[in-house]
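This report goes through a structure from its overall build to individual contacts. Please keep the sequence and the 3D view at hand while reading.

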Number of protein chains: 2
Amino acid sequence: MDICLQHESNPPFAYALEQKAVRLIVKVLRPGSVRQIRVHYGDKYETSYTDVLIMQWAGRGVHFDYFVADVRVPTRRLKYAFEVTAEDEASHWFGEMGWARDLSEAVPFYIPYICPRDVFTVPEWVDQAVAYQIFPERFANGNPCITPEGACDWYDSPTPTSIHGGDLAGIRQRLDYLQDLGINLIYLTPIFRAGSNHKYDTTDYFEIDPQFGTKDDLRGLVADAHDRGIRVVLDAVFNHCGYFFRPFQDAIRHGRQSRYWHWFFIEGDEIDTETVNYETFATKLRYMPKLNLAHPEVERYMLTVAEYWLSECDIDGWRLDVANEIDHVFWRKFRETVKRAKPDALIIGEVWHNSLPWLQGDQFDGVMNYPLRECILDLLVRGRLSTAEFAERVTDWQFAYPAQAQRSMFNLLGSHDTERIRTMAGGMVAPVVQAMALLMTVPGIPMLYYGDEIGMEGGADPLCRGGMMWEDEGRDKDLLAIVKRLIAIRTTEPALAGGLMMVERAEPGLLRYVR
Amino acid sequence: MDICLQHESNPPFAYALEQKAVRLIVKVLRPGSVRQIRVHYGDKYETSYTDVLIMQWAGRGVHFDYFVADVRVPTRRLKYAFEVTAEDEASHWFGEMGWARDLSEAVPFYIPYICPRDVFTVPEWVDQAVAYQIFPERFANGNPCITPEGACDWYDSPTPTSIHGGDLAGIRQRLDYLQDLGINLIYLTPIFRAGSNHKYDTTDYFEIDPQFGTKDDLRGLVADAHDRGIRVVLDAVFNHCGYFFRPFQDAIRHGRQSRYWHWFFIEGDEIDTETVNYETFATKLRYMPKLNLAHPEVERYMLTVAEYWLSECDIDGWRLDVANEIDHVFWRKFRETVKRAKPDALIIGEVWHNSLPWLQGDQFDGVMNYPLRECILDLLVRGRLSTAEFAERVTDWQFAYPAQAQRSMFNLLGSHDTERIRTMAGGMVAPVVQAMALLMTVPGIPMLYYGDEIGMEGGADPLCRGGMMWEDEGRDKDLLAIVKRLIAIRTTEPALAGGLMMVERAEPGLLRYVR
Ligand SMILES: [Ca+2]
Ligand SMILES: [Ca+2]
């Protein structure tokens with residue numbers, strides 16, 4: 001027996017798709033000599049297996065092939081074992097303790113009981129969603145009256161501190177453009193009162209930054225967006241606050257006597273902003289003190305923030321900044337709070353690496369899909385992967401998370417934290433078009449970074465945060481037309497909603513996959 | 001490159017051992033051509049890797065070899081990648097996106113931030129613990145006055161309904177025996193008021209079954225046990241209740257009008273105990289209605305139960321019946337409740353199969369380790385595994401869970417739910433001795449089923465639940481002497497506390513492993 005099979009009765013190998021259905025995934029090491037895999041199954045408490053299903057080949061990863069079966073579980077309790085038919089037609093039996101000589105000897109795998117509260121559900125609308133990320137300071141200046149003094153010209157090259165004057169009114173005025181583009185979900189980077197142009201250093205979690213507008217501006221933006229079938233997701237920056245967040249200022253002023261002292265991680269008896277004797281985002285970033293979300297008051301405060309904007313301004317969900325540096329305990333409470341306030345709200349974490357611990361139904365719906373971006377860049381821009389290698393890697397990622405999470409990923413070619421795709425491509429349009437085509441046709445929510453659809457260029461932060469080009473001569477209209485068409489296909493073609501991606505052919509210069 | 005490496009930055013491949021240390025585990029498919037694996041690592045926000053560590057070979061599984069490195073993480077933020085030296089001395093680089101041409105091209109793995117609330121901690125005392133499972137109705141009759149009428153003789157062959165008269169007073173009177181045996185942890189199957197002899201059909205979660213005694217009896221038993229350095233863990237039966245549980249009776253009486261209607265899963269408008277139109281434990285077990293723990297009242301009720309016995313009678317933890325049919329949401333709240341009431345209380349789930357979803361620090365400390373029992377039986381009793389195959393399977397299980405859980409497993413050769421080990425062994429003593437030697441020397445908490453130490457026999461339930469043999473002529477004193485010696489070694493030898501088990505030789509008739 002030289003067949004190497006991998007399966008566990010846990011995600012990502014086995015999980016409930018809904019209250020009475022389970023997906024089972026088996027990995028078979030290549031070179032495999034497997035002709036067929038059948039899953040024998042039945043109720044956990046039955047003495048024998050009552051049903052059998054042929055598993056479908058579902059893709060080829062770097063080392064393993066994937067086989068999938070979706071099993072109905074009317075009693076919510078499942079036991080199962082696998083029958084593997086080798087090339088020589090011999091049957092081999094595989095259970096939780098490994099290979100067995102026959103089915104009765106195979107120790108079964110179990111899905112002991114599909115508990116309703118554990119079933120991973122994501123908003124139904126994710127399957128048709130196409131998202132558009134806006135960096136509000138740079139998308140459109142709709143209200144010059146609130147543009148700070150000393151703002152630079154709109155199209156000036158951005159610096160770490162430059163102010164260009166974008167605001168919520170500007171976004172609201174450009175909803176026609178976004179509707180025409182075809183997107184139906186806006187993700188705004190932070191808009192609460194903060195010190196920087198990017199607003200990731202919040203000083204008031206309950207106020208809109210006056211440079212961007214007011215709560216009424218947000219309400220109006222959301223209402224107008226909703227009228228157009230466009231949802232709005234905000235950025236939740238809970239890992240750290242800004243230097244001028246009042247509790248941190250209080251701790252600076254009163255030292256250990258401050259009632260907010262334990263909201264932060266401070267060494268010693270008073271804050272020293274020179275040596276930065278407190279934890280921050282990244283390393284000694286003095287203007288971004290890390291928050292102690294395990295403190296009951298801080299936890300309650302941030303859960304209140306989460307609920308406040310959902311109910312006050314009818315937003316449609318949250319993107320979670322630095323989500324992987326905040327504990328799972330908090331995120332579970334966060335999900336409860338958010339889904340209670342708005343059951344079909346979307347929760348997207350910023351996690352750049354393997355996100356399985358957050359994607360099991362109790363925390364996020366999806367994450368910013370940077371690994372997919374890596375694969376796309378390696379294929380189309382860096383030339384590090386062949387189409388076959390790309391297909392293998394993407395297939396492995398496809399089976400790294402439950403299907404629900406795959407439907408809810410924010411697939412992206414770039415963001416405010418990366419070089420723009422056009423720049424990565426050395427200014428060439430062809431790789432961008434190919435990348436857009438991939439983005440719009442693989443599982444998950446395509447997310448465009450503002451301006452990428454018109455070929456805007458920009459290197460790493462701050463250059464990727466330029467003022468949105470609204471002048472005709474600066475816009476790649478051919479690219480825009482292609483992107484619009486791709487978005488239209490994505491949002492209307494049922495085959496592109498949910499489901500798996502299966503690569504049929506991957507040859508030099510050719511990649512064919514079915515949805 | 002024909003090396004197949006497996007690693008993820010998630011359990012069981014990577015997890016925090018404590019607040020500033022992480023364990024990393026790499027699996028290498030055999031036949032591997034790997035000479036050495038080194039992990040390059042550093043703070044997540046540093047531009048380069050600052051440290052390097054050679055990984056230790058740590059065992060051979062069925063298909064994969066294991067390599068382990070424990071890494072200090074002073075800043076709590078880790079990035080890392082692997083350098084694999086092949087047999088030909090060539091270096092290969094492995095990151096989250098797979099193989100890369102050099103270290104700078106390898107996309108790092110991340111442990112983004114070790115959050116204190118997410119670190120898996122188990123009671124320190126588990127490392128010296130040896131447990132003893134008692135089925136109270138059958139261990140000792142210390143108070144004949146409360147023995148029900150119609151009880152059979154103590155040594156009669158048990159039937160599904162026979163009453164033998166065991167009670168809490170009996171256990172208390174036999175503490176000398178248990179202390180002399182050397183165990184330091186008692187696990188009692190259920191003792192709350194219930195209808196059956198096994199008491200898994202609770203009718204009052206706040207009362208001791210009168211056949212077993214009173215709360216004062218339990219308090220006395222626990223206090224006397226504590227005086228001897230013995231802890232006491234009770235059985236929590238929350239998945240279902242007994243038929244005569246008052247809320248269920250109320251639902252029978254008042255149908256949909258009952259305020260307890262939604263405590264259960266009932267089809268239709270009234271309960272039909274003939275057709276059993278309600279969910280039960282297993283299949284249509286009418287006397288064990290399944291509880292709806294997702295209902296806020298039921299949830300609160302059972303959390304109160306959990307807290308009550310910890311504070312009222314000073315018990316030392318809970319063993320959780322049918323733990324895998326109750327949702328994770330409940331178990332997380334349960335852990336919070338229990339550890340708040342008694343931080344070093346132990347939580348052991350009854351899960352017979354792969355338990356990783358419950359063993360990540362937020363739910364159980366350990367589980368009843370039935371897979372280990374399967375391996376031991378297959379090796380020593382069923383003759384299905386060679387020592388080499390046994391070693392491979394046990395090694396795979398060893399790396400299936402975080403180290404903390406491994407320390408807290410209830411390792412067992414049998415329980416009230418299985419045939420006794422002596423009976424499995426066809427009455428022979430040699431396999432029992434070998435099994436006991438394994439039980440006492442592998443990682444995890446050895447758990448003896450009452451009477452196994454004196455060679456009691458008994459087939460499947462109810463035969464495995466015979467009255468404890470207290471007559472000299474029925475006791476295998478040679479076996480008892482050996483078990484006592486093994487327990488003494490286990491509880492005093494530091495090498496057997498925590499740590500890994502590494503098999504050095506596995507040949508026909510020989511298994512050598514180091515701890
Ligand atoms: Ca403005
Ligand atoms: Ca009695």
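A residue is called buried when its relative accessible area is under 20%, exposed when it is over 50%, and partly exposed in between, using a 1.4 Å probe and protein chains only. The model is predicted, so local features need pLDDT of at least 70 and side-chain atom pairs count only at pLDDT 80 or more, while totals for chains, interfaces and linings use all residues. Residues are numbered from 1 along each chain as its sequence is written, chains are lettered from A and ligands numbered from 1 in the order in which they are written, and side-chain values use heavy atoms, with hydrogens and water left out.

**Chain A as a whole**

Chain A contains twelve helices and 23 strands. Helices (H or I, at least four residues) and strands (E, at least two) are DSSP runs numbered from the N terminus. The C-alpha trace of chain A spans about 80 × 60 × 45 Å along its principal axes.

Of the 515 residues in chain A, 64% are buried. Contact means heavy atoms within 4.5 Å. Among contacts in chain A between residues at least 6 apart in sequence, 70% join residues at least 24 apart. The chain exposes about 18900 Å², with carbon and sulfur atoms supplying 50% of it. Accessible areas come from the Shrake-Rupley method with a 1.4 Å probe, and for residues only the protein chains shown count as cover.

Donors are N, O and S atoms within 2.8 Å of the metal (3.2 Å for Na, K and Ca); water is not among the atoms, so sites may look incomplete. The calcium ion (ligand 1) is coordinated at 2.3 to 2.8 Å by Asn141(A) (OD1), Asn143(A) (O), Thr147(A) (OG1), Gly165(A) (O) and Asp167(A) (OD). Thr147(A) and Asp167(A), both in the loop between S12 and helix H1 (168-173) of chain A, link parts of the chain 20 residues apart. Asp167(A) is buried, at 0% relative accessible area.

Asn141(B) is partly exposed at 30%, whereas Asp167(B) is buried at 0%.

**Salt bridges**

A salt bridge is a side-chain nitrogen of Lys or Arg within 4 Å of a carboxyl oxygen of Asp or Glu. Over all chains the structure holds 93 of them.

| Arg117(A) | Asp327(B) | 2.8 Å |

Arg465(A) sits in the loop between strand S21 (445-449) and helix H12 (477-492) of chain A, and Asp417(A) in the loop between strand S20 (410-412) and helix H10 (421-424) of chain A, 48 residues apart. Arg465(A) is buried at 5%, while Asp417(A) is partly exposed at 32%. Arg319(A) is buried at 0%, and Asp321(A) is buried at 6%.

The salt bridge of Arg117(A) with Asp327(B) has a spacing of 2.8 Å. Arg117(A) is in the loop between strand S11 (109-111) and strand S12 (131-134) of chain A, and Asp327(B) in the loop between strand S17 (317-320) and helix H6 (328-341) of chain B, so the pair joins two chains. Arg117(A) is partly exposed at 28% relative accessibility, and Asp327(B) is buried at 5%.

A network of salt bridges links Arg101(A), Glu105(A), Glu374(B), Asp378(B), Arg382(B) and Arg384(B).

**Helix H7 of chain B**

Glu374(B) and Asp378(B) are among the buried residues of H7(B). All eleven of the eleven residues of this helix (residues 370-380) are buried, so H7 is largely enclosed by the rest of the structure. The cover over its buried residues includes strand S19 (366-369), helix H8 (387-398) and helix H11 (430-441) of chain B.

**Cysteines**

A disulfide is counted when a pair of cysteine sulfur atoms lies within 2.5 Å. Over all chains there are zero disulfides. For Cys115(A), the closest cysteine sulfur is in Cys241(B), 16 Å away and therefore too far for a bond. Cys115(A) is buried at 6% relative accessibility, and Cys313(A) is buried at 3%.
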